[in-house]
Amino acid sequence: MTPILISACLLGQPVRYDHSHKQMDHELLRRWRKEGRLIPICPEVAAGLPTPRPPAEIQNKRNGEDILHFQARIVDQHHNDLTTFFMSGAQLALELAQHHQTPIAILKESSPSCGSSRIYDGSFTGSTISGMGVTAALLTRHHIRVFNEHQLEEAAVFLAHYEA
Ligand code: SF4
């Protein structure tokens, strides 16, 4: 049974910056949970950031790859530089995925950690740009296939091929 790394907030854990969650009620998630496949992690909380916490964004329309190349910073709304926390969280997520030998992750879109297609642009105005967050970028660099919460069917197809 192939394990799946998943953003903890998608499973109802109140780990988001405002102490909320983004629990999804989807047949595939219910099945995967019943099968014991789901391995939840919140990279930001795993790295030691508190909940609640001020929202943080990758600055200047850069992305998670830029963070991994030390070419960008992540700051919160109070201008605290949290880059090392986000890099540490990404590393912990990668280690968890490698420990369970999972080839796949389902991560919450738009987050500076978990976003895999779009992320906030650093202006704290709700605007997004295309790009990956830090955890999604690090997992992808290590050949772990990242899907977002709107791509569960695609993830199921990937799993079916992987297990065939
Ligand atoms: Fe959810 Fe990821 Fe943000 Fe944690 S870092 S709250 S798991 S989107």
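Begin by selecting Glu 65 and Arg 141, which form a salt bridge whose closest N and O atoms are 3.6 Å apart; the term stands for a side-chain nitrogen of Lys or Arg within 4 Å of a carboxyl oxygen of Asp or Glu. Glu 65 lies in helix H3 (residues 64-68) and Arg 141 in helix H5 (residues 134-141), so the pair ties together parts that are 76 residues apart in sequence. Helices (H or I, at least four residues) and strands (E, at least two) are DSSP runs, numbered from the N terminus.

Before moving on, note that this is a predicted model, in which local features need pLDDT of at least 70 and side-chain atom pairs count only at pLDDT 80 or more, while totals for chains, interfaces and linings use all residues. Residues are numbered from 1 along each chain as its sequence is written, and side-chain values use heavy atoms, with hydrogens and water left out.

Colour next by accessibility, where buried means under 20% relative accessible area, exposed over 50%, and partly exposed in between (1.4 Å probe, protein chains only). Glu 65 is partly exposed at 26%, and Arg 141 is likewise partly exposed, at 39%.

Stay with H5, which is mostly covered, 6 of its 8 residues being buried: select Val 134, Thr 135, Ala 136, Ala 137, Leu 138 and Leu 139 to see them. Just after this helix, His 143 takes a positive phi of about 65 degrees.

Return to helix H3 and pick Ile 67, which counts as buried at 0% relative accessibility. Its C-alpha atom is separated by 7.8 Å from that of Met 87, 20 residues apart along the chain.

Now show Arg 62 and Asp 66, whose side chains meet in a salt bridge of 3.1 Å, N to O. Arg 62 is partly exposed, with 31% relative accessibility, whereas Asp 66 is buried, with 14%.

For another pair, select Arg 37 and Glu 35, where the closest N and O atoms of the salt bridge are 2.6 Å apart. Arg 37 is buried, its relative accessible area being 7%, while Glu 35 is partly exposed at 31%. Over the whole structure, a search finds 8 salt bridges.

The space taken by the ligand is the largest pocket, with a molecule said to sit in a pocket if more than half of its atoms lie within 2 Å of its grid points. A pocket is an open set of points, on a 1 Å grid over the protein atoms alone, where a 1.4 Å probe fits, with protein on both sides within 12 Å along at least five of seven lines; lining residues have an atom within 4 Å of a point.

The volume of this largest pocket is about 520 Å³, taken as the space filled by probe spheres set on the points, which are joined across faces, edges and corners. Of its 31 lining residues, Arg 16, Tyr 17, Ser 111, Pro 112 and Tyr 120 lie nearest the centre. Helix H2 (43-46) and strand E3 (56-58) each supply at least two residues of the lining.
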